Amino acid sequence: MSAPAPRREPEHPGDPGPVAERSVDTPQAAAVQAGGHEGTSLGREALRRVVRDPLALVGAVLVVGFVLVAVFAPWLAPYDPGERVGAVTPTTIPGPSAEFPMGLDSLGRDELSRVIYGARQSLLVGVVATLAGAVVGILLGMLAGAFGGWVDTAVMRLVDVMLSLPSLFLAIAVAAVLGPSLESVMIAIAVVNVPIFTRLLRGAMLAQRGSDYVVAVRSLGVRDRDVVVRHVLPNSLSPVIVQGTLTLATAIIDAAALAFLGLSGEDPRIPEWGRMLAETQRFLASAPHLAFFPGLAIVLAALGFTLLGESMREALDPKYRR
């Protein structure tokens, strides 16, 4: 019988030996031993990258400012947007001054107050239209990505038909059929956004369905419905949320375009940036400030959501990680 191998003594006092050296109690301890620091979640890492991105901070400042102006418009506006506060003539429209920082419009109303209240209309249309389009798009994308087969084919052929039409023309057609109103603009912009969210969620769910963790969960006997609802769908929503931020920018521009064409309503007392641009076409030579300030507001609001959305997309995209 061979003699047992001698036990190796610790080289230094307090050395737990080779067995204790290999023991790892928690995943965090394993990460510390392997890399010297604890790992971070995808959401925390994405948030850290967004905070460190200067363009993301600029976008966040613009978005927060836009939302605050819209919410606190009654307290920020110096005058009633529908009240005539100054004297104007067809040939003389006062420009910016100490009393009226953005001047007066063609009817003698304060331009600053109208631009501030116009933010409320743009924010309302953008948020409602984006949420409506996202809800319908998520439902269709979930059906296509979860069931596949003929359900996927039917949904995607409907999406292809909607995408075959230019988005602005489709929005104009829907708003014209429903009649000029704010609700018609919301529905028209929501219809345009449905295929975008549908294709995005469907593609993300198809990619998740082939992942190793989904195969492992199914091998444990979990029902397909629970796999989709508890695992595939939650892990597929990140790109949809980012796309919602980007869609808000296009929704604001589309709302202004439809209002410019006279499809947002017939009440001229309600300020809307697109309608304000349409009303100033006759005065571009004599009063260019009437077009400059609403146009600048549209650009800044859309730019804020675009910068923030692009930064969020890069933060969540593995290709941009270093």
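This is a predicted model: local features need pLDDT of at least 70, side-chain atom pairs count only at pLDDT 80 or more; totals for chains, interfaces and linings use all residues.
Student: Which residues of α11 are buried?

Tutor: In α11, the buried residues are D226, V227, V228 and V232. Buried means under 20% relative accessible area, exposed means over 50%, and partly exposed lies in between (1.4 Å probe, protein chains only).

Student: What do the buried residues of α11 pack against?

Tutor: They pack against α6, α9 (182-209) and α10. Contact here means heavy atoms within 4.5 Å.

Student: What describes the packing of α10 and α11?

Tutor: α10 (residues 212-219) and α11 (residues 224-232) pack at an angle of about 145°, and their axes are 11 Å apart. The axes are lines fitted to C-alpha atoms, for helices over the stretch in contact, and the angles run from 0 to 180 degrees between N-to-C directions. From α10 the contact is made by Y213, V214, V217 and R218, and from α11 by D224, V227, H231 and V232.

Student: What classes of residue make up that contact?

Tutor: There are 5 nonpolar, 1 polar and 2 charged residues in the contact of α10 with α11. Ala, Val, Leu, Ile, Met, Phe, Trp, Tyr, Cys and Pro count as nonpolar, Asp, Glu, Lys and Arg as charged, and the others, Gly among them, as polar.

Student: What makes up the whole chain?

Tutor: The chain has 14 helices and 0 strands. Of its 322 residues, 40% count as buried. Among contacts between residues at least 6 apart in sequence, 70% join residues at least 24 apart.

Student: Why is T245 called buried?

Tutor: The relative accessibility of T245 is 12%, which is below the limit, so T245 counts as buried. T245 is found in helix α12 and touches F305, L308, G309 and M312, not counting residues up to four places away in sequence.

Student: What makes a set of residues a nonpolar core?

Tutor: The members must be buried Ala, Val, Leu, Ile, Met, Phe, Trp, Tyr or Cys residues joined through side-chain atoms within 4.5 Å. The largest such core has 24 residues, and F66, V115, W273 and F305 have the most contacts inside it. α4 (54-71), α6 (111-147), α12 (238-260), α13 (273-279) and α14 (289-316) each supply at least two of its residues. α14 gives the largest share, 7 residues. A second, separate core has 16 residues, including V125, L170, M186 and A188.

Student: How do you know that F66 and F305 are buried?

Tutor: F66 has 7% relative accessibility, so F66 counts as buried. F305, with a relative accessible area of 6%, is also buried.

Student: Why is the pair of F66 and F305 called edge-to-face?

Tutor: Rings of Phe, Tyr and Trp (its six-membered ring) pair if their centres lie within 6.5 Å; planes under 30 degrees apart count as stacked, over 60 as edge-to-face and the rest as tilted. The centres of the F66 and F305 rings are 6.1 Å apart and their planes stand at 85°, so the pair is edge-to-face. F66 lies in helix α4 and F305 in helix α14, so the pair ties together parts that are 239 residues apart in sequence.

Student: Which residues do ring pairs link into a cluster?

Tutor: F66, W273 and F305 are linked in this way. Neighbours within four places in sequence aside, W273 is in contact with F66, V115, G118, A119, S122, P294, A297, I298 and A301.

Student: Why are G108 and I93 called buried?

Tutor: G108 has a relative accessible area of 0%, so G108 is buried. I93 has a relative accessible area of 11%, so I93 is buried. G108 is found in the loop between α5 (73-76) and α6, and I93 is placed in the loop between α5 and α6.

Key. Residues are numbered from 1 along each chain as its sequence is written. Side-chain values use heavy atoms; hydrogens and water are left out. Helices (H or I, at least four residues) and strands (E, at least two) are DSSP runs, numbered from the N terminus.
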